[in-house]
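Have the structure open while you read, and follow the points in order.

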Amino acid sequence: MGDCRCHTCPIPEGWPQLTDEQWEQLAPLLPQGTGSRAETTRRQVNGMLYALETGCPWRLLPTQFGPTGLVETRFRRWASGGVLRTAYAHLYPPKLLAQGRTVVISNSYVKVHRSAAGARAG
């Protein structure tokens, strides 16, 4: 289990993270710092992908991806600012998708009152 704080969504052995090649394509499309901040960005992007893939709540994200609040805040900021849409459009241009490569992203979700979602009161 390692650093995982969530017993319902432990990181599986060998869970895939961004490869160096994938990161080289994605990194220039994302706002980030230099040096250790760039490595932090990569770790946080892996955390975002983990949360989206597994359905793990942000607050229970394993600590190896960095502070959960920062990962969630960065994801929401990039999503609302169009950063993620721009990165997706660059990585999966319509011309590439028309060649038979299919990518599906579902934006369906059920919004519930925060008390029903397990959020802490106060």
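1. Burial first. The chain has 122 residues, and 26% of them count as buried. Keep in mind that this is a predicted model. The accessible surface comes to about 8,900 Å², with 53% of that belonging to carbon and sulfur atoms.

2. On to the fold. Looking at contacts between residues at least 6 apart in sequence, 51% join residues at least 24 apart.

3. Now the inside. The largest nonpolar core has 19 residues. The ones with the most contacts inside this core are Trp 23, Leu 26, Leu 30, Val 45, Trp 58 and Leu 61. Helices α1 (20-26), α2, α3 and α4 (83-91) are the elements that each give two or more residues to the core. Helix α2 provides the largest share, four residues. As general background, nonpolar side chains in soluble globular proteins tend to be buried together.

4. Which rings pair up? The count comes to two aromatic pairs. Take Tyr 50 and Phe 65: the ring centres sit 5.3 Å apart with the planes at 35 degrees, so this pair is tilted. Tyr 50 belongs to helix α2 (residues 36-54), while Phe 65 is in the loop between α2 and α3 (68-81), which puts the partners 15 residues apart. Both Tyr 50 and Phe 65 are buried.

5. The other pair is Trp 58 with Phe 75. Their ring centres are also 5.3 Å apart and the planes are at 40 degrees, so this pair counts as tilted too. Trp 58 lies in the loop between α2 and α3 and Phe 75 lies in helix α3, so the pair ties together parts that are 17 residues apart in sequence.

6. Are these two partners buried or exposed? Trp 58 has a relative accessible area of 16%, and it is buried because that value falls under the 20% cut-off. Phe 75, with a relative accessible area of 17%, is buried because it falls under 20% as well.

7. What does Trp 58 touch, not counting residues up to four places away in sequence? The list is Met 48, Ala 51, Thr 68, Val 71, Glu 72, Phe 75 and Arg 76. Phe 75 on that list is the ring partner from point 5, and Trp 58 itself is among the residues with the most contacts inside the largest nonpolar core.

Technical notes:
Residues numbered from 1 in each chain as written. Predicted model: local features only at pLDDT ≥ 70, side-chain atom pairs only at ≥ 80, totals over all residues. Heavy atoms only, no water. Buried < 20%, exposed > 50% of the residue type's maximum accessible area, 1.4 Å probe, protein only. Contact = heavy atoms within 4.5 Å. Areas by Shrake-Rupley, 256 points an atom, 1.4 Å probe, with all protein chains shown as cover. Phe/Tyr/Trp six-rings, centres within 6.5 Å; stacked < 30°, edge-to-face > 60°. Core = buried A, V, L, I, M, F, W, Y, C linked by side-chain atoms within 4.5 Å.
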